[in-house]
Protein chains: 2
Amino acid sequence: MANLRWIRNLAIFLILSNFLVFALLLDLSALHGYAQLAERVRIYETMRANILEKESNNQLGGRVLLNAKERVVNELIMLEKQHELELGLKNISHFQVAQHFFRSFEKIGNTTLFQNLKTMPKGGVLHAHDMALCSSEYLLSLTYREHLWICVAKSETQEYKMLRFSLLQPQHEESCEWSLLSELRQSVLSDAVDKKLLAQLTMYPLEHFPNEDTVWKRFRSIFRLVVGLLTYAPVWSDYIYKALEEFYADGVQYLEIRSVLPILYDLSGGNYTLLNTTRVMRDADLRFRASYPDWIGSRLIYAPTRKVSDARFVEYLGNALLLKSHFPDYFAGFDLVGWEDEGRPLHDYARELLALQDEIHFYFHAGETNWYGTNTDENLLDAVLLGTKRIGHGLALLKHPEVLQLARLRNVAIEINPISNQVLQYIGDLRTHPASVLFAVNYPVVIASDDPSFWKATPLTHDFYMAFMVIASRKADLGLLKQLASNSITYGAFSGNEREAAFEKWHKRWNQWIDNINTKL
Amino acid sequence: MANLRWIRNLAIFLILSNFLVFALLLDLSALHGYAQLAERVRIYETMRANILEKESNNQLGGRVLLNAKERVVNELIMLEKQHELELGLKNISHFQVAQHFFRSFEKIGNTTLFQNLKTMPKGGVLHAHDMALCSSEYLLSLTYREHLWICVAKSETQEYKMLRFSLLQPQHEESCEWSLLSELRQSVLSDAVDKKLLAQLTMYPLEHFPNEDTVWKRFRSIFRLVVGLLTYAPVWSDYIYKALEEFYADGVQYLEIRSVLPILYDLSGGNYTLLNTTRVMRDADLRFRASYPDWIGSRLIYAPTRKVSDARFVEYLGNALLLKSHFPDYFAGFDLVGWEDEGRPLHDYARELLALQDEIHFYFHAGETNWYGTNTDENLLDAVLLGTKRIGHGLALLKHPEVLQLARLRNVAIEINPISNQVLQYIGDLRTHPASVLFAVNYPVVIASDDPSFWKATPLTHDFYMAFMVIASRKADLGLLKQLASNSITYGAFSGNEREAAFEKWHKRWNQWIDNINTKL
């Protein structure tokens, strides 16, 4: 009995000192018979409070200290968050964030919280694809330019298959018929054409896609449609600039664009290469920097398709080296894109990639899959061993505990794209997104938007909203949002000096935002 | 340079000795500049193979050694598994296991793999609810007994709201009208009545339930319908016995039934208590043990509803003590049931539960939710601190890393119910079930079926099939299945001697099963 008292006291000391694990090793349950109920309740409540506090501190943003002004903003934002969540807890059918984005995005856009997140300086977007950056409204406006032809399917659905600028009718196609879009707009009701175009430029409606298969087919059909519109040289320049404008207006100060670097064309058969494509992008960024001094900048991740022959792959690597030598400040690194389950695994290219890993930074997509024990989820292991700086998606990472551990040791950030994962059918209810677990252990993550244009999302705010409302704990607050923004600078493709300057620009905007809200109250 | 060679050699030694983490701390990337490509590739391939092997060994069943005969069965089963998965990898629309169970269950039942899993001795089911144990066909046959009344809704849908055995018309109801079921079968087409009854005894069809809210409403409407059918004293006895038969026929040798212990009734107004309800169950088990010597047994977890007043809750605990003293061998422990998001949290009852934790074993449902940072997911913490022996569902466990760590230290097994989680809308595609992560780290889990009757599942085989095909890695084999079966004995509510005896009975059947398949080949 005396012995047990000694063990009990030690256990209680350990509990109160927060060494819970050691206390547990003493097996508290053995004490239960001896402790009085009141003491038992006290131990229980102490452990409970300590564990909740520890979890709260250890989560993403859990150790961010907010100053007085930030605490004011925090209170405001948490009131809004709790209000929305209370509605959902009472009646899940009223909780838009648990529904599919296509059904919820308008309602979300109308919330006060969304409006506050929109103006919040959210840092950078580190994962977004060239062809899916701008709003559909802007894309539609581009289709009003001169000399644009449209290829209408010969099938009954008469869907729009391709777009192309040309003085003469473009080359004959098997499955569709070319006509000038301006003429089509005269023959059919112009509104009807626009409506159909808008529909075909996005993944809506939801009902068309029972699974990843069909969803990826649709995904590619949008790419096929926009490529001719966007790679027209004059459009490409305007489009990239407009993308920067739209991201900037959404509270973004930095953007890494993954691009396949499509070859541009013009009306006079101009001769272009991927260096031209890049130069146009880089020049748009330089002009933008000149006009918006608090813009940090944009960079290119060259990301051709993963489903290619070995020979073509080696060409890609040559391209990457070429890009690096021509645009040392604009070129950030290399990645591969396309439906990962269908493309070739990174392991196939290991030798070639290892040969280049000192020259080129990798930012690989990996583990964007629901499969487990396949090439696709094992891409995660290859990405980390090949020295990737970040991982795109990484949905399968938790299924690979050893890879998770290595990735953390190597400080490999994960680029989370919540809405993309839902639209491409990897996840249903976003409350089940595996990133919740990464948030819980403060794994380095950033929030990005992947292809916002295709699902009518804002450049970043909708994804931030999802992350804040349902991927994070109900209790996670402004600290988490600040950490997410700050992570996007920490894990951006910066050199040391650049990163400092980037932090400065973001901090300045952040403080302005905090001040603004404080002033308005 | 000499120094670097030394570091490199140390790193390579560490890699080859599988101390990967240490090797990584030396930061292999620093070596890249110095190692030749061939050596770099060798290091990469070695690390890759080692990590995959380590993950494979550390997963659920990864260290199970199969004997020669088991390896034969393993090969057979893996061929079948790989065949099904290949179809899915090629075309996800052909992959039934990624679809909703209501769409896939018949196809799954026709696979050879399913047939093999059906005869496999799978140990025990540690999580199943009294009202949802038997096949709908059996329930339908019960409705042909004499003196059964049915209450048909007065609304246009005319749904069946209640069933009750009675000599005279049961007491008047507001919303429905009583008639003898036999007479209803004469007035309406008997087939039509049966079809409608069958439909109302299950959760089908899928389309009715957009979210957890509606799905739980439907869930409760089935409970309301079956309770009058099953709690008729003569039926209760037959029903429980039949449940044991059906589970036994599905390769199950042990069953822990969670019961609200409904009060029974008979035609003559007999006076029953929850002791009678329990005695009938216990007696059914004793008869069954007598007829089936390799039946390990069944046990009761008293599990009343969690949405009650404090006073009622204290009564529950009194009941639990009463049951323990009357049925020390049959009573296993205490739990609370009902929609967790809506019911009261465990924390509310902490004091009362702590007072009893030396007397009564707890087997709490906890974290059956998609919410994060609420009472419901925090139930996980309370369950563990209250000393629960196992956790039912625990879907939110990964979001609570500290609780996960404590639960593992305390060896708290998780009862996974894959199909239930899908039907009750917590998870869409079962490939995203969080149990994959528990499997990956060999966290102690068991597979159970929750309420198989409500979704026309077999007592355990369908859930095992899901676990094997998509929750586990593509590469997980018979070792995982054997481990799952063995876990169900390890974590069953046995005393030391009983557990040994249980293992013996299961082993015997297991070896017979292995022999049978070997003989047939």
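Biologist: Phe313(A) and Tyr349(A): buried or exposed?
Modeller: Both are buried, meaning under 20% relative accessible area with a 1.4 Å probe, protein chains only. Bear in mind this is a predicted model, where local features need pLDDT of at least 70, side-chain atom pairs count only at pLDDT 80 or more, and totals for chains, interfaces and linings use all residues. Residues are numbered from 1 along each chain as its sequence is written, chains are lettered from A and ligands numbered from 1 in the order in which they are written, and side-chain values use heavy atoms, leaving out hydrogens and water.

Biologist: OK, how many aromatic pairs are there over all chains?
Modeller: The search finds 58. Rings of Phe, Tyr and Trp (its six-membered ring) pair if their centres lie within 6.5 Å.

Biologist: And why is the pair Phe313(A) and Tyr349(A) stacked?
Modeller: Their ring centres are 3.6 Å apart and the planes are at 5°, so the pair counts as stacked; the cut-off is planes under 30 degrees apart.

Biologist: Switching topic: how many residues does each chain bring to the contact?
Modeller: Chain B gives 70 residues and chain A gives 70 residues, with contact meaning heavy atoms within 4.5 Å.

Biologist: How many salt bridges cross the interface of chain B and chain A?
Modeller: Eight, each a side-chain nitrogen of Lys or Arg within 4 Å of a carboxyl oxygen of Asp or Glu. Glu378(B) with Lys475(A) is a salt bridge, its closest N and O atoms 2.4 Å apart.

Biologist: What sits over the ring of Trp371(B)?
Modeller: The charged end of Arg431(A), 4.5 Å from the ring centre. The rule wants NZ of Lys or CZ of Arg within 6 Å of the centre and within 35 degrees of the ring normal.

Conventions. Rings of Phe, Tyr and Trp (its six-membered ring) pair if their centres lie within 6.5 Å; planes under 30 degrees apart count as stacked, over 60 as edge-to-face and the rest as tilted. Buried means under 20% relative accessible area, exposed over 50%, partly exposed in between (1.4 Å probe, protein chains only).
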